[in-house]
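Hi there,

Here is the structure I promised to pass on. Have a look at it first, and then read on for what turned up.

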Amino acid sequence: CGVTVKLQFYALKKWTRKTDIFSRIMRIIKRILFVIYFFKDNTCNTKDILDMDIFLIDIKKKFPSKRMVKLDVENVNSGFTSFMSDGVKHIITFRDEEKDKIVVHELIHFFYLDFHSLNCDLSKIVNVKPTLEFIPNESYTELMTIIFHTALISIESHGDLRIASIILQTELFFGYFQCAKLLFHYGYKHVDDFFTPYNGTTEAFYQNSCVISYYFIKTALLSRFDLTTEFLKDKMNNYKIDCADHTKDAYKTLFIRCLNDPIFKQNIQKYLRYINISVLTDDASDRNNISNNTKKQQKTLSKKTSKKRRFFKRFKHSSLFKTLRMSIVEL
């Protein structure tokens, strides 16, 4: 429909099974076609040249090995879209992990299917410095990406959309978990220490990427999906969001309401409490509890305590605990 696609793939290893690389390439091509045709009123006949470099490199998104270390682009991002002054646009993705999702995310940017720009003083909402870099527009882009990604995975894996709601629910629970891990990483002991206007007493939270948009706001919008879908139905035209100022104001009102929703915060707190118990287990208290019982009870409790310690140790070193993925479901 008038869109020229220039697509280049790069890998650091030879592929012994051609079907593996072909299936990966086809999933990416399908996503390109999907976005172009789904938003055809805003993508077709624009004379755009969609130039994409896809690097299939196995580098994972991970938390640093130590807490309080500042999260940066290398921990969070998987790609970017460049916009030149002469109108030339270019997409680069540089991770194999989450590649199917990131392609959709960058295509939304490429075809200007989001808000373009959105301003908001984040320090009035959460306890971070007013100078913290914040791009709220990324939360809308990632929200739409996860919805499309969920639908496409459902169709590709089961041939229809019936499993999409289950996948989306899984992504929501994973989002709660990721938010809790971020708070734990930066030393927040309770969600109320974070979900409160900046009080000048903390310098902990840092982002050189859109951490709050990608994780917290996106998860909050999924948590109150009833309010989110109502907003989308009201503010979209042929599935393209209206970029008028009143729509931007409505979106800010929406995500602030979702961030302050008690259920959203309670669910993050449950995960945060579990992480603190798992990672910061007090072995001394376990030993004291054992010593106050009979020998038979001590033996039973000792076995249970050892089993619990082994489980917590595995959890601390697991890929699930270390990962900074934005989505848990991937083919």
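How are H7 and H9 oriented to each other? Before the answer, please keep in mind that this is a predicted model.

**H7 and H9**

Helix H7 covers residues 211-223 and helix H9 residues 245-259; they pack with their axes 8 Å apart, at an angle of about 85 degrees. An angle from 65 to 115 degrees counts as roughly perpendicular, and H7 and H9 are therefore roughly perpendicular to each other. On the H7 side, the contact is made by Phe 216, Ile 217, Ala 220 and Leu 221, and H9 brings Tyr 251, Leu 254, Phe 255, Cys 258 and Leu 259. By residue type, this contact of H7 with H9 has 9 nonpolar residues, no polar and no charged ones.

**H1 and H4**

Next, please turn to helix H1 (residues 18-38), which packs with helix H4 (residues 99-110) at an angle of about 25 degrees, the axes being 10 Å apart. That makes H1 roughly parallel to H4, since angles under 35 degrees are counted that way. The crossing in which H1 passes H4 is right-handed. From H1, the residues Arg 24, Arg 27, Ile 28, Arg 31, Ile 32 and Val 35 take part, and they meet Lys 99, Asp 100, Val 103, Val 104 and Leu 107 in H4. The contact of H1 with H4 is made up of 6 nonpolar and 5 charged residues, with no polar ones.

**H1 and H5**

H1 also has a crossing with helix H5 (residues 137-158): their axes come within 12 Å, at roughly 125 degrees. H1 and H5 are therefore oblique to each other. This crossing of H1 and H5 is right-handed. In H1, Arg 27, Lys 30, Arg 31, Phe 34 and Phe 38 meet Phe 148, Leu 152, Ile 153 and Glu 156 in H5. The residues in the contact of H1 with H5 are 5 nonpolar and 4 charged, with no polar ones.

**The cysteines**

How many disulfides does the count come to? The count is 1 disulfide, and it joins Cys 1 to Cys 44, with an S to S distance of 2.1 Å. The link of Cys 1 and Cys 44 is left-handed, with -75 degrees about the S-S bond. Cys 1 counts as partly exposed, at 36% relative accessibility, whereas Cys 44 is buried, with a relative accessible area of 13%.

What about Cys 210? Cys 210 is in no disulfide, as the nearest cysteine sulfur, that of Cys 120, is 13 Å away. Cys 210 is buried, with a relative accessible area of 8%. For Cys 243, the closest cysteine sulfur is again in Cys 120, at 17 Å, which is too far for a bond, because a disulfide needs the sulfur atoms within 2.5 Å. At 25% relative accessibility, Cys 243 counts as partly exposed.

Best wishes

Terms used. Residues are numbered from 1 along each chain as its sequence is written. This is a predicted model: local features need pLDDT of at least 70, side-chain atom pairs count only at pLDDT 80 or more; totals for chains, interfaces and linings use all residues. Side-chain values use heavy atoms; hydrogens and water are left out. Axes are lines fitted to C-alpha atoms, for helices over the stretch in contact, and angles run from 0 to 180 degrees between N-to-C directions. Helices (H or I, at least four residues) and strands (E, at least two) are DSSP runs, numbered from the N terminus. Angles under 35 degrees count as roughly parallel, over 145 as roughly antiparallel, 65 to 115 as roughly perpendicular and the rest as oblique. A crossing is left-handed if the near helix is turned anticlockwise from the far one by less than a right angle, and right-handed if clockwise. Contact means heavy atoms within 4.5 Å. Ala, Val, Leu, Ile, Met, Phe, Trp, Tyr, Cys and Pro count as nonpolar, Asp, Glu, Lys and Arg as charged, and the others, Gly among them, as polar. Buried means under 20% relative accessible area, exposed over 50%, partly exposed in between (1.4 Å probe, protein chains only).
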